[in-house]
Amino acid sequence: MKNPRRRFLSLAGAAAGLVAVAGCAKDAPQDTWQPAGPNAEMIDNLQRPVFLVAGIVGVIVFAAVAWVVFRYRDRGQAIPEQTHGKPAVEITLTVIPVLILIGVAIPTASTIFDLAKTDDTQMVINVTGQQWWWEYDYPAIGDNAAKYGLSQPIVTSGQLVIPENTKVLLRVTSRDVIHSYWIPKLNGKKDGVPGRVHLLRLEGSKPGIYAGQCTEFCGLSHSYMRMETIVLKRADFDAWVANQLAPYEAPAEGTLAKEGEALYIQQCSRCHQVNGLADAEGNLIVSAPEQYVVSGAAPNLTNLMTRNTFAGASWDLLTQECRDVVWKASADEFGAKYLAGVSADCLNQKDLREWLRNAPEKKPMYVDPTKLQETGGKYRGMPALGLTEDQIDALVAYLLERK
Amino acid sequence: MMITTSSKLLYGLGAGSLAAGFVWFVANEGQQLGSVMFAFLAVAFIFLGAIASYTRDGHVLSTDTAAHASSAASQKSVGRSLWPFGTAVSAGVTVVGLISSPGIFKVGVALLIAMLGEWMISNWAERASSSNEYNTKVRDYLVHPLELPVAGALLLAVIVLSFSRVFLALSKSVGAIVFAGMGALILFFGALIAVKRQANRRVVGAILGVLLLALAGTGVATALDGEREQLTEAAEEDHFAHRGCTEEKEYSDKKASRAVSMKSSILANVILTEDGQLYAEATGYPGQQSAITIQRSNPSTILFVNESSEARRMVLSYGKVVEDLGDGVERESALEACTSKVEKGGQQAVTVVVPKPSSASDEPFTITVPGVEGAKIDVFVP
Ligand SMILES: [Cu+2]
């Protein structure tokens, strides 16, 4: 038999190597160790020393345990003398951890309080989770209206757009089950709990896209419940707001998009809102998701093509090439690239078409009509609508103009 | 022997998981997720098994019988303990408190901490040494300085509270007679015990126990009796239903849901001041607001606080519905939610779900107080 000590050492070495290699991931958009705003920096400033202390303690403890297990393993020797009670050791081993924990607790408590501050808020945004996407609405009251040009509320989904270096306060809640909002580079997590409003500070100090995902298991498609926060320069943000609030532009008569509009009214407007869309008699069409969807909401599609991703930020609206242009843009150029939205050339036709063809196949959702007794016939998610390829062409043409 | 008792179990579980992973893979036509989970499970079990093998289950040598009897870890546990039961009950009380009222919740948490503490200390003490006698001593030494004063205070609280409930239920003159009678009784008993030096401690204890129980029982009975009367009265006055949202003089709520746990999840407080001003305090917004937003299709609770001198109610109007009754007949009804009338200093919560955005309505959404001119908060539903 081989030397067991050598075998053990080589195994341990391999394990340690694997762990080390795992830390080499290059493209890690959800890395908590790379803060991109003051709130995340506060957390980072805390977690680094704590990690160091915990790491040292961990190494000491594991080494000691390993040594004891190895050194005193049973080799048939006699049982050593049994004693109990060694006050000096017991007290030392109690006092040292207590001191360490107190040392950790003081900065922790002060960081917690700093992160809970809300009296310096500059902008308030409501964030509502539902199975399985996030809705954002920008209230048109208070400073939002007075200082950020929000004369009307904006409702959007998936991508949260905020101005750079602005203390944004998210009011996080949920329409169905508990979700949790987390953009690792900007701040910690905050649960969205039905019936409650939880506050989360968010501030980005550099324009760009910051990815995150729902971190409270929330059912079937929890893993497809992602989100992004977009940080824009103030001028770009103002342009974004103005565009979101621009009046509805109907497609030109005789175009494919016009056909798409009619189809949209017939098939989609019962769940999805497009602001300003009116029926033949000029009456504004108000969606009624509360009648069809358990959570009572479906994404607002008024400006779908100003976002880069859809369906819980799980798929790109941009082709890979165009996506890279936005995601990899420098901080200075980012705003312009993002505001360009999705053009016909850049549209990721494949995923959007698959979505319209059969959404639940792409993203598992509870939409089987024979199994909806429990929810009184309401869906959790978007059903397959049995559209023909021609209809999908028309709808895509219509959606492409929603920017 | 490499394969010790517990490693046998762990190896078995590991092999079983491997087999299950394989079966899963075959049965689910190549779906991998379950198999991967079982594989992880197998690895974990086998790893634990290997540790168990290596340390021989952490057993004292089976041949060393002396260690079996003398080591602290091998002492039998002392016997049944009530602390786990107590902990479970306190956890129950905590949960009940969580959904009913903050007072009960706090009592639950206090109980939970106490029970857990007692449990931990007993558990530790039972194994402190191999001598049971010493263990009991060590436990009492630690815990008595805390236990005895608390128990004494509780006993006193029961006596005082029961007395006060009983006297609240009695009329003034009867109360005086009972008080005098009781005093005499206590004096008599005390004298008896003092004179009869060798009085059986058990008998005295039993008598005192019965007296205490009788007192507490009467206290509880009288306390419950008083409350029940108020509740029936409230039901007769239609306290629990509040129909219509107008200003009329109907029943006004004397103690409008002061202990509703909904209060912990309020979207906004709406406050009517003494001079008839109405303002809102919404979570996340600084200061006093004259407008609030409510998310569409989202159950939202608004708390009305009446600081004015009149009994008032809060009304939330959020548009109207048009029902099609057939034959071209339509019925229009306003969508409203309101509190019942709340007296000065009272508060009451209302929970609403607003299905439509305010921009889709001809009339603005508002919160108003009927009878108070100009009291209005704008409500936006995006
Ligand atoms: Cu979720």
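Is A:Val61 buried, partly exposed or exposed, and why does A:Val61 count that way?

Tutor: Happy to, and please keep in mind that this is a predicted model. A:Val61 counts as partly exposed, because its relative accessibility is 44%; the band for that label runs between 20% and 50%. The residue sits in helix H2 of chain A.

Now for its surroundings. A:Val61 belongs to a nonpolar patch on the surface. The other members from chain A are A:Val53, A:Val57, A:Val65, A:Val69, A:Phe70, A:Ile96 and A:Ile100, and chain B is represented by B:Tyr54. Together, the patch residues have about 660 Å² of accessible area. Two elements give two or more residues to this patch: helix H2 (38-71) and helix H3 (87-115), both of chain A. Of the contributing elements, H2(A) gives the most, with six residues.

For contrast, here is a patch of another kind. On the surface, B:Asp324, B:Glu330, B:Glu332 and B:Asp362 gather in a patch of negative charge. One of them, B:Asp362, is found in the loop of chain B that runs between strand S9 (347-352) and strand S10 (365-368). B:Asp362 counts as exposed because its relative accessibility is 73%, and the cut-off for that label is over 50%.

A disulfide joins A:Cys322 to A:Cys346, with an S to S distance of 2.0 Å. The link between A:Cys322 and A:Cys346 is left-handed, with -75° about the S-S bond. This pair ties together distant parts of the chain, 24 residues apart: A:Cys322 is in helix H7 (residues 320-327) of chain A, while A:Cys346 is in the loop between helix H8 (331-339) and helix H9 (349-357) of chain A. A:Cys322 is buried because its relative accessible area is 15%, and A:Cys346 counts as buried at 17% relative accessibility.

Over all chains, the count comes to one disulfide.

Methods:
Residues are numbered from 1 along each chain as its sequence is written. Chains are lettered from A and ligands numbered from 1 in the order in which they are written. This is a predicted model: local features need pLDDT of at least 70, side-chain atom pairs count only at pLDDT 80 or more; totals for chains, interfaces and linings use all residues. Side-chain values use heavy atoms; hydrogens and water are left out. Patches are made of residues with over 30% relative accessible area and no salt bridge: like charges are joined within 9 Å, nonpolar side chains (Val, Leu, Ile, Met, Phe, Trp, Tyr) within 5 Å. Accessible areas come from the Shrake-Rupley method with a 1.4 Å probe; for residues, only the protein chains shown count as cover. A salt bridge is a side-chain nitrogen of Lys or Arg within 4 Å of a carboxyl oxygen of Asp or Glu. Lys and Arg count as positive and Asp and Glu as negative; His and the chain ends are not counted. The place of a charge is taken as NZ of Lys, CZ of Arg, CG of Asp or CD of Glu. Helices (H or I, at least four residues) and strands (E, at least two) are DSSP runs, numbered from the N terminus. Buried means under 20% relative accessible area, exposed over 50%, partly exposed in between (1.4 Å probe, protein chains only). A disulfide is a pair of cysteine sulfur atoms within 2.5 Å.
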